Protein chains: 4
Amino acid sequence: MTSDESSTHERAERTGVWFVGAHGSVATTAVVGALGMRHGLAPRTGMVTELPELDPAGLPALDSLVFGGHDVVSRSLAKKAEALASGGVLPAALVGAVGAELDAIDADVRPGYVAGEETVAEAVHRLAADLGAFREHHDLARVVVVDVASTQPPVADPESLRSLEDPLPGAAIYALAAFEAGAAYVAFTPSPCLRLPVVVEAAARARLPYAGCDGKTGETLVKSALAPMFAARALELRSWASVNLLGGGDGATLADPETARSKTSAKRSGLDAMAGRPVPGPMHIDKVEDLGEWKTAWDHVRFDGFLGTTMTLQFTWQGCDSALAAPLVLDLARLVSAAHAAGRSGALPELAFFFKDPVGGTEHRLAEQWRDLVAWRQGLDR
Amino acid sequence: MTSDESSTHERAERTGVWFVGAHGSVATTAVVGALGMRHGLAPRTGMVTELPELDPAGLPALDSLVFGGHDVVSRSLAKKAEALASGGVLPAALVGAVGAELDAIDADVRPGYVAGEETVAEAVHRLAADLGAFREHHDLARVVVVDVASTQPPVADPESLRSLEDPLPGAAIYALAAFEAGAAYVAFTPSPCLRLPVVVEAAARARLPYAGCDGKTGETLVKSALAPMFAARALELRSWASVNLLGGGDGATLADPETARSKTSAKRSGLDAMAGRPVPGPMHIDKVEDLGEWKTAWDHVRFDGFLGTTMTLQFTWQGCDSALAAPLVLDLARLVSAAHAAGRSGALPELAFFFKDPVGGTEHRLAEQWRDLVAWRQGLDR
Amino acid sequence: MTSDESSTHERAERTGVWFVGAHGSVATTAVVGALGMRHGLAPRTGMVTELPELDPAGLPALDSLVFGGHDVVSRSLAKKAEALASGGVLPAALVGAVGAELDAIDADVRPGYVAGEETVAEAVHRLAADLGAFREHHDLARVVVVDVASTQPPVADPESLRSLEDPLPGAAIYALAAFEAGAAYVAFTPSPCLRLPVVVEAAARARLPYAGCDGKTGETLVKSALAPMFAARALELRSWASVNLLGGGDGATLADPETARSKTSAKRSGLDAMAGRPVPGPMHIDKVEDLGEWKTAWDHVRFDGFLGTTMTLQFTWQGCDSALAAPLVLDLARLVSAAHAAGRSGALPELAFFFKDPVGGTEHRLAEQWRDLVAWRQGLDR
Amino acid sequence: MTSDESSTHERAERTGVWFVGAHGSVATTAVVGALGMRHGLAPRTGMVTELPELDPAGLPALDSLVFGGHDVVSRSLAKKAEALASGGVLPAALVGAVGAELDAIDADVRPGYVAGEETVAEAVHRLAADLGAFREHHDLARVVVVDVASTQPPVADPESLRSLEDPLPGAAIYALAAFEAGAAYVAFTPSPCLRLPVVVEAAARARLPYAGCDGKTGETLVKSALAPMFAARALELRSWASVNLLGGGDGATLADPETARSKTSAKRSGLDAMAGRPVPGPMHIDKVEDLGEWKTAWDHVRFDGFLGTTMTLQFTWQGCDSALAAPLVLDLARLVSAAHAAGRSGALPELAFFFKDPVGGTEHRLAEQWRDLVAWRQGLDR
């Protein structure tokens, strides 16, 4: 093969992005956005992998991404996109322009896992078969499974979950299916699954990379930019109160206190890690129906300065959840696919930049995570 | 000399800290705080040079600092400290405990420069003589002059100011006196002086280090932690509005629009540098008398995310100006003295961490500045 | 005439609403909204005159309003409505549904007054003739002229403006034309005109009612709800800082400091009146282009409580300017027309509820204004 | 008796103020403040009864108030005052000036009721005897008992509590003792007791007035000023989220969710009453230890305006709990004593201005409550 052929081949290489929760707001926004950027109908704002520091030319091209997924909801992608457009979350003109493509992608959305309808082993095999068929059908070089389904409750004793016979949470089944099918895996949702021995061992056996958990999209992102400021200035955090008001989608799931705990514990542990000790203060996640896809966070920080003088910083963050999450999901698909292509396997702690609760790493400070990400990306090509 | 003798000698070595504006809030708070920490009456909160990353043991000990200064105001340090205590800015018990020491230090506060009362050349020689006498009297290894006087208006054509005959701003005269007396110099105040050829050349001739300008203590500090977050996430800043409400002290000086411009232009240029382009939005500095030593800032940031969705971040900062500035002033005295001892000269851009408008450097991102500072500090001992 | 006939006649009675600035955001939103409500396509949210306390059945029906106006801008109402829809300010479906009606209304929009193109006397007569033709053509019982044009700069010596030969501001010319044509007048814009002898005397001669000035739509509305709280609780206001960030439309006009003064002085005098003394604190109005039709205000209030303890209240208001103003404009047209029908003339201070700078009255407290309005409305029918 | 004698007599008349929770922050602040005002050492800021609208001259003079109380905590008033002074809540100089008087008052603080140590009937008689002795000893014209003890949990079935044999909450026992002793009663704490038949009937039998419940001191105060604004402008509340961060004192009590419910349900019902329907949104009360006597509230309000445009108002309130409550407690003692003197008995709904959960009334709007209070006060003298 000549180098020209190789380059041609590489250009033609396509990457599958398989969403668990393909009919949800995040996946829909990611797909519509990817199509919009492909057709020059949308800017690349929010795409970290389009920044020069991450050398976009060496990553799977946005044009080369092929979408599919699992979902337990049968509503079509186009319908979901229209709903998001009428809620002002997606531009109506863009949704109109890509409607036919959304319908084509829907042909690659398969029924998800519903507990009780099949055994875990059956489910893993069925889901893996879906992935295999998707790769074959589209002649894909690689597939990355990205879990953007609803938040899962925490698991009581993760260490005890070692085989398919154990009572595995739903998310683990998708991860096992990914590894069985030779696909890399990203947990963008708060999920215990990447810390279960049964999952970790499956990834190791299959020599596949994975990254997670819980996309850092809003209030925790700001926290991870601000907390190091207090540390570097020797200002002592006295309390940090956090309130998150979430609209319909994720808000609904988090109305269950057990599930909410999954999210607040990730948020809290990051702050404590950055402060070097537990920082007191309440942390609330509330559903406020009329916020729709939007979320508002208020943080109130008290800190001591020189001679014990107590001072205050407050911030309010008003963001659109799916608009914050969707580009990161595309970024992760590109980066994890590139890692897979470069032969990396196991946890990818250098992707901590994207997560509230980074698997395999302990760095929560945003600037350090950014530096780690850039260095890792540069090392990937060598 | 045995190594024991050397160590004894080092322990005994003392560093002079000479304040321009010795009777102001910042200098008074710094002196009271240094005495309080020395006697174990105050915590080291807010002291960056007490963080392990900066290896405090290798810096001039807080116990070894000897204070003096210039001021055009004759009110005593003790009176100023009492006023700050009754305003709730300094702990009353602490001020009581160090009153006698404050009076002793006042013996080393000399009359400052008043335009028109002497020629520039006369002033430089007189002020330098004060510094020399201070060093000799206290047997000091080194002296650092720290300008904490009021904000100075900007200079129309800095490049044209090349000799003592030119119309020099007041701050330049103190800097020239410092260099004539062999002392290092820190401009903690917004000041044009470290960019005047006459000053830069004097420092070069005397092979002395200097650092500045304009301590980064509040809203700009937060900005420098947050702006890189938007950049690293490829979020596009649409506008950034800033409002600073300042109490009596600095607020009064900034009622003069010309002087205020000196401060807002430093704030603005930093943001634009971090964003990589001019970010529109008003920037106000207002005096609100009843705030006293406190300042409140409100920032309103609009940014675009994926598919052009516009989102908002707001923050409110409520800080005590002198409590924020005083520990940094002590930090700078220690660090610049150590640089002087290590033979460094000229601008010290690695101290950009402390400044809104870093001389000799262009880095405004707080986390990068912190990394640069730590690396520089580690290199100082080699 | 039987009572049945009378009732039929009343039902058929129509009221003209003539906008000065008919092609602007406020007039366009008011017209589109009125049509939308008429067709059952929009809720009556924000319409004060639809509250039972104001007895809507006794006011001119929304269905009976006929729209026209003056403007110096020739762009069509439909184009402006589409622009507002694409900016997310008006529902696109609604704008589509009423497009044809907008074009019909545009036939009643006449060229406005441009200084220098005609004498003041000529202009008054021409504009009055437009109003007369409008009334005749549509067989209107009454016409109310509502000025929603851009903010006008203040007038140096209002008392001196007594005849058409004096240098009258543009707004006065429209008011004089209204009175010449027998129409009532509302100054919804900050405008000096209702305090000029030449205008006041013309209204008196014509026995016509008028109301103004400067619609209370956002930050000042909140202020007028909060300031009485401090007074009734004997809490002493120490400072009240206000920052208004305005988007394109009104923001552009207010970039002129002279014009901005027209607006801030109205805001300030209301607060001082409610506090019973001048309350210090900066008051800013800034244009922030990317806000579009939206405005954001931040207020920071410091107040003393028991034993002089200083406390703080801050608020942030995020509102859509035209959505806030448009229903009030319709409310005022209905109420002033009813006052005209009831034989009222001169200033209507009981409508202070709607204004930052009420003409003929001194009450700024929102709850008292509401009570005054309800009482006045009830008295109107007797 | 001549009118001169009468006037002399009235001047000499003294009123007892008896605190349930006499050693707490609110009672201590009220007593220190009353003494401070008496000696001209403190301003009358925050005293509603010093406003001319309430005709202070006709109310019991501040000089004529005599303090005593019950508490289960034996720490002295002077010690508590010193603790508040060192926390910056009370001026240290003032506490020093009134120390001896505080000790004298402590002689009139008697042990409170501890469940299980005596029967309810015994407790009522003992506490009433304390009140009788206090009145006799000081030759008081009247006594008002003011409950400023910690928040009490709600009662499951208030209607069922009809006799001393029923399981009465602690607060009821103090109210019963007050009525047995001929004293008026104010529930400044969230408390179910003024809605228990056993208490209501005891007040009726004794022909004594009472007022409550739950002092409206902070976030709910602001709410009651703002919610009517939305109603009068026909703006539709979509959601109202409230977060209250409280420091040590009351915060500790409210860590018990059952007790917190007592407070949030009062807050919520007032908002719903003002809106005319339930307004969704979370309502949190959190303890944040380091806030001490201070509390911070953040409210986030979403509302619909014209054509359904959704807008937002946020506010942050930073107040000192005891400085907000203490003057109201003195106001209530004066007003309820005047009502008692004027022969009023039963619930005093016209004092709703002071309460989150007004007994005997349904008006929550602050401006209406203020008007009702002023009218009632004027009627009292006739």
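1. Chain A contains twelve helices and eleven strands. Helices here are DSSP runs of H or I with at least four residues, strands are runs of E with at least two, and both are numbered from the N terminus. The radius of gyration of chain A, taken over C-alpha atoms, is 21 Å, close to the 21 Å of the globule rule for 382 residues, so the chain is as compact as a globular protein of that length. That rule is 2.2 Å times the number of residues to the power 0.38.

2. This is a predicted model, in which local features need pLDDT of at least 70 and side-chain atom pairs count only at pLDDT 80 or more, while totals for chains, interfaces and linings use all residues. Residues are numbered from 1 along each chain as its sequence is written, and chains are lettered from A in the order in which they are written.

3. Of the 382 residues in chain A, 60% are buried (20 or more other C-beta atoms within 10 Å of the residue's own, with C-beta atoms placed from the backbone).

4. The contact between the chains takes 48 residues from chain A and 48 residues from chain B; two residues are in contact if their C-beta atoms, placed from the backbone, lie within 7 Å. On the side of chain B that touches chain A, β10(B) gives the largest share, ten residues. That side divides into 31 nonpolar, 13 polar and four charged residues (Ala, Val, Leu, Ile, Met, Phe, Trp, Tyr, Cys and Pro count as nonpolar, Asp, Glu, Lys and Arg as charged, the others, Gly among them, as polar).

5. Strand β10 (residues 310–320) of chain A runs antiparallel to β10(B), joined by seven bridges; strands pair if DSSP finds at least two bridges between them. A:T312 has B:Q318 as its bridge partner in β10(B).

Notes. A residue is buried if 20 or more other C-beta atoms lie within 10 Å of its own, exposed if 12 or fewer, and partly exposed in between; C-beta atoms are placed from the backbone.
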